[in-house]
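Here is my note on this model. Please keep the structure open while you read.

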Amino acid sequence: MSTDFSRFLKEITTATGYAGQVVHVEEIPAREAAYGRLSPGLPQPIREALKERGIGRLYSHQAAAIRRLRKGQHTAIVTSTASGKTLCYNLPVLETLLEQPQAKAFYLFPTKALAQDQMKGLRRLADAHPALAELVRCGTYDGDTPVSTRRKLRREANVILTNPDMLHQGILPYHSRWGSFFSDLRYVVVDEIHTYRGIFGSNVANVLRRLNRICRHYGASPTYVCCSATIANPKELAERLVGMPVGLVDNDGSPRGPKRFALWNPRHLDSARMERQSSNEEAHRLMVSLLRRGVQTIAFARTRIVAELLYRYTAEALEKVNPSLAEAVKPYRAGYLPEERRAIERRLFSGELLGVTSTNALELGIDVGSLDASLIVGYPGTIASTWQQAGRAGRGQEESLAILVAYNDPLDQYLMWRPEYLFGRSPEHAVIDPENPYLLAGHLRCAAFELPLRSGDVEFFGEQTVPILDILEDLGQLKRIDEAWYWSTTDYPAAQITLRTQSDDTYTIMDTSRGNQVIGVVDSISAPETVYPGGVYLQEGDTYLVRDLDLEARAAYVERAEVDYYTQAVLDSSILAGEVQAEREWAKGRLRFGDATVTWRTSAFKKIKFYTQESIGYSRLELPAQHLETNAAWFVPPEEALRAAARYGLKAIEGLAGLRNVAVNMLPLIAMCDRLDVGGIVDSSNTGTPTLFLYDRYPGGLGFAEKGYELFESLMEQCLATIERCRCEDGCPSCVGLAVTQPAQQMDPDLGRGYPIPSKEAALVLLSHLLGRKARVPAKRRKRRAARRSERTPESAAEAETAQAAHKRSISEQVAHRLKKGRGPRVGL
């Protein structure tokens, strides 16, 4: 059913109670389909299977990708959501299988759910023609696959759908069992490559280098097919991932209907214009309005608890006006049992469900059909994710709607008054660093376990290979015989490396009112902030009281109970400085680099009334703390710098907090990492005076904070330039606002609204003093003179480049220090 969304927007903006919430509407024009031809054409069985699926012609990008892949050219396909990227690799694979029945293909997906979904898509296409149905033998090979099925797949399958984690720990170390498969491997598909960024992406890139080496061992040279949502550097990312030149196909030929993208800012509640209406409440009202008009809608939430709250509020509102509509809405998130998630996906794909509230679990390419409207509740954190979520709405050439509902936090509010930041900027770059010596050392250990390493393997792992191998030999982990390094211990190195930053361990959630029936799971890091004793656990909108959290059995026991509140964990965090590895004076303060332990724990919880968000109770908790042993750089500012802020009536601690926020966003630019790979804390307990800490968010550290220590002055110059060129008056998310962090999955962002942005002027005064710049008089104490300079000077940019070029610390020294202390990569928090 086609919906006139211009009429919908007009209706809600003229309704009683509307208070100007729509602050901007971006109109995105329609796009006609562009088709391409193949010469020679596809084999008859494939043509007939496509016809059976209602596909008569290929889009231009599909034809371009197939032409490249027929020539054996590595290819990255970057087109919009629902543009048919899957056919770009399924068709060449099927064509090759028809010509070479012994050929094999690996399909890699970032999640098990996506692999399951894509297997169904491949099976549907193959089953559309008898010749293909008999030819294609595919299956998912992951942690959920039974042992007997794994053996059968290794012997018989020609298309294996898996994930990088299984390839890393369950396939490459046992490659001899896969000898026949590797010998005939023709294609490696790496889907959703935009998710492979930062530490995760750097690890995956090394796994693929190990795969390339194994393939060469078996005489295979597979063609890579990479697929991605829109990012700023898809070709560069694909080449860094696979370690080889990759051609780009981005001539999106799929049709697109017109889209209206509205920015919705909840109305103010007070004359001081500090508080706003609940974003969750306004979002659920918008969803109810859309569903009552028959508009199939998805609402994306930043956290799991918000997905549950939106569902509960929406279902309760619909129950009052149309109970059948209430049955046509479901929540979707991680933590549900696999069969429950698959059922929701099927119902959404078939059209049985009219609405779904989801975390970003549905942001990836799971096929749930095309929807009409997308509600994005809170800025997802990146422009790329925003467009990925907005792209879930749109059926062919029909009109679609996306609405970003802002929270009352600095980043969301910044986008509301500067929509060009969202609509005028290109998506972010995806940054990975496969040559990071700390990560590389771990993967070289894995590679040596798989096959002896030789100096020629520099081709796969880079110029740091031999120096790191020499260090591992000195540590007794490798033994050199003739010209090769052999694994010399009984350890299984792949088990000591997790590709992702979160833990793979899970807690089981059991309902005691139903005989301890398992109703869900939660990862071990999130468990203490999700299923703490006395708290409320939300699942499918129902409330469960948590009776016990068994830390040894890794189980949470809950009981169904009707209560009119939910709970929010209170988290305490701290940092403890450890052994100092390097120290120097800077700007008359002390700059140090060394070991550090970041600690956090759930210390209490609050009871929050549904709808009103009134706090109705508070209880203390005694749960063990969790620790991250890592590396940090920390700076103790001189007393005169702190007094400089105080002279103008400014709080030095606010200046340091603002500096922390901008530094966390600037450090990735010089450390080649993602913004979520580093963290920052302002703390006084370690030194007795306010101190800025920057740390790696990975066990043992990966050199990011160390790079910050070595290039600290350049980092501070970039921070100053960023703050100065920002046009805001008092601070905003583009300068001293909130640092980018991953939200706790049980936290409701609605409850943190109004969190103050640190003083921009205090940060400027502090930085000016530290960098020896002319004393800065805060703007509130003088009349405005000329506008602040908006760009960094060429001189400061050159200084930054010179500083980076000067960073030539010995790789051997870095890695030796880490490994000799036993700080090799291991399962992360």
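1. Ground rules. This is a predicted model, in which local features need pLDDT of at least 70 and side-chain atom pairs count only at pLDDT 80 or more, while totals for chains, interfaces and linings use all residues. Residues are numbered from 1 along each chain as its sequence is written, and side-chain values use heavy atoms, with hydrogens and water left out.

2. Aromatic pairs. A pair of aromatic rings is described by the distance of the centres and the angle of the planes. The whole structure holds 27 aromatic pairs. Here rings of Phe, Tyr and Trp (its six-membered ring) pair if their centres lie within 6.5 Å; planes under 30 degrees apart are stacked, over 60 edge-to-face, and the rest tilted. Trp178 and Phe181 form an edge-to-face pair, with 5.6 Å between centres and 90° between planes. Trp178 is buried, at a relative accessible area of 1%. Phe181 is buried too, with a relative accessible area of 1%. (Buried means under 20% relative accessible area, exposed over 50%, partly exposed in between, with a 1.4 Å probe and protein chains only.)

3. A cluster and a charge. Ring pairs link Trp178 and Phe181 with Phe106, Tyr141, Phe182 and Tyr218 into a cluster. The charged end of Arg150 sits over the ring of Tyr141, 5.5 Å from its centre. The rule for this is NZ of Lys or CZ of Arg within 6 Å of the ring centre and within 35 degrees of the ring normal. Arg584 lies over the face of Tyr709, at 4.9 Å from the ring centre.

4. A stacked pair. Trp634 and Phe693 are stacked, with centres 5.5 Å apart and 25° between the planes. Trp634 lies in strand E28 (residues 626-636) and Phe693 in strand E30 (residues 691-696), so the pair ties together parts 59 residues apart in sequence. Both Trp634 and Phe693 are buried. Helices (H or I, at least four residues) and strands (E, at least two) are DSSP runs, numbered from the N terminus.

5. Which way do the residues of E22 point? From strand E22 (residues 536-539), Val536 and Leu538 point one way, Tyr537 and Gln539 the other, and all are buried. E22 pairs with strand E23 (residues 542-550) in the antiparallel sense, over four bridges. Two strands pair if DSSP finds at least two bridges between them. Val536 stands opposite Leu545 in E23. Two residues lie between the strands of this hairpin, and Glu540 takes a positive phi near 50°.

6. Three strands form an open antiparallel sheet in the order E17-E19-E18. Its edge strands, E17 (453-454) and E18 (478-481), each pair on one side only. Four bridges join E18 to strand E19 (residues 484-487). Lys479 has Tyr486 in E19 as its bridge partner.

7. A helix residue. Ser279 is in helix H12 (residues 279-292). Ser279 is buried, with a relative accessible area of 2%. Ser279 and Arg425 are 146 residues apart in sequence and 25 Å apart in space, C-alpha to C-alpha.

8. Cavities. A cavity is a set of points on a 1 Å grid over the protein atoms alone where a 1.4 Å probe fits but cannot get out; lining residues have an atom within 4 Å of a point. A volume is the space filled by probe spheres set on the points. There are two cavities of 30 Å³ or more. Of its 13 lining residues, the closest to the centre are Gly198, Ile199, Ser202, Met672 and Phe704.

Note on methods. On a 1 Å grid over the protein atoms alone, a cavity is a set of points where a 1.4 Å probe fits but cannot get out, and a pocket is an open set with protein on both sides within 12 Å along at least five of seven lines; lining residues have an atom within 4 Å of a point.
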